[in-house]
Amino acid sequence: MAQITRDPRDFWKVLAPRLTVLVTTMDRQGRTDVSAFSFVSPISFDPPLIGIASGVKKHSYDNLLQKREFVVNLPTEKMIEKIAVAGQKWDPHVSKIERAGLKTKPAVHVGPPLLAECPVSAECYLEEAKKYGDHVLLIGKVIALHVRDELVDEKGRLKVALVRPALHVADNLFAFPYVSKEAKG
Ligand SMILES: Cc1cc2nc3c(=O)[nH]c(=O)nc-3n(C[C@H](O)[C@H](O)[C@H](O)COP(=O)(O)O)c2cc1C
């Protein structure tokens, strides 16, 4: 089979799928926003750090720099229409949270809300923002982790087959994980 050489800038469309998260943010006036991200990676166990790469011309990015707090929420298969709304640009005066029909719950330590339908939500403080190319790598410290108890196993691992997290390929194209038996190493 022929290997085709493609534009290196398309790497992210084929090194896929990636976990999709919905990040809630808040500006200084207390207005909230939600945006979808899939350039997301754990960075450190202890302290617990998560990295998200964001473009700069975004309302959520402006909010993040203002309040330096955010919540990373894990959406499920049932929420893909909501993810699609959260992944678009809207007039910043229109609440994307309302537009997407997302219900919220207050967070414990930060201003931005938790998304009620998401089985996992991590409250974060923004530790660092560093530009790489056309994105900024946002490093968040997880300060509180909310997990629906019945959706994790005895080792604290996500029951993926029950949750069915949305994996992002590109645009509004998603994949849903098939769960293998635990591999014997
Ligand atoms: C599934 C999905 C994943 C996305 N991942 C990212 C990402 O990792 N980084 C990014 O900058 N934009 C990403 N986007 C686009 C942003 O979500 C979009 O630009 C943002 O919602 C704009 O709205 P805002 O101005 O309110 O922040 C993604 C969109 C979708 C639908």
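## Close-up views of a predicted model

Val14 sits in helix α1. The model is predicted, with local features requiring pLDDT of at least 70, side-chain atom pairs counting only at pLDDT 80 or more, and totals for chains, interfaces and linings using all residues. Residues are numbered from 1 along each chain as its sequence is written, and side-chain values use heavy atoms, with hydrogens and water left out.

**View 1. Val14 in helix α1.** Helix α1 covers residues 11–14. Helices (H or I, at least four residues) and strands (E, at least two) are DSSP runs, numbered from the N terminus. Val14 counts as exposed because its relative accessibility is 64%; the classes are buried (under 20% relative accessible area), exposed (over 50%) and partly exposed (in between), with a 1.4 Å probe and protein chains only. From Val14 to Arg68 the C-alpha distance is 32 Å, at a sequence separation of 54 residues.

**View 2. A nonpolar surface patch that includes Val14.** Phe11, Val14 and Leu15 make this patch of about 350 Å². Patches consist of residues with over 30% relative accessible area and no salt bridge, where like charges are joined within 9 Å and nonpolar side chains (Val, Leu, Ile, Met, Phe, Trp, Tyr) within 5 Å. A salt bridge is a side-chain nitrogen of Lys or Arg within 4 Å of a carboxyl oxygen of Asp or Glu. Accessible areas come from the Shrake-Rupley method with a 1.4 Å probe, and for residues only the protein chains shown count as cover.

**View 3. The shell around the ligand.** The ligand is surrounded by 22 residues, the closest being Asp33, Ala36, Lys58, His59 and Ser60; a residue is near if one of its heavy atoms lies within 4 Å. By class the shell has 12 polar, 6 nonpolar and 4 charged residues. At least two residues of the shell come from each of β3 (32–37), β5 (49–55) and α2 (59–67). β3 gives the most, with 4 residues.

**View 4. Glu77 in the loop between β6 and α3.** The loop lies between β6 (69–74) and α3 (80–86). Glu77 counts as partly exposed because its relative accessibility is 30%. The C-alpha atoms of Glu77 and Phe174 are 9.1 Å apart, although 97 residues separate them along the chain.

Methods
Nonpolar A, V, L, I, M, F, W, Y, C, P; charged D, E, K, R; others polar.
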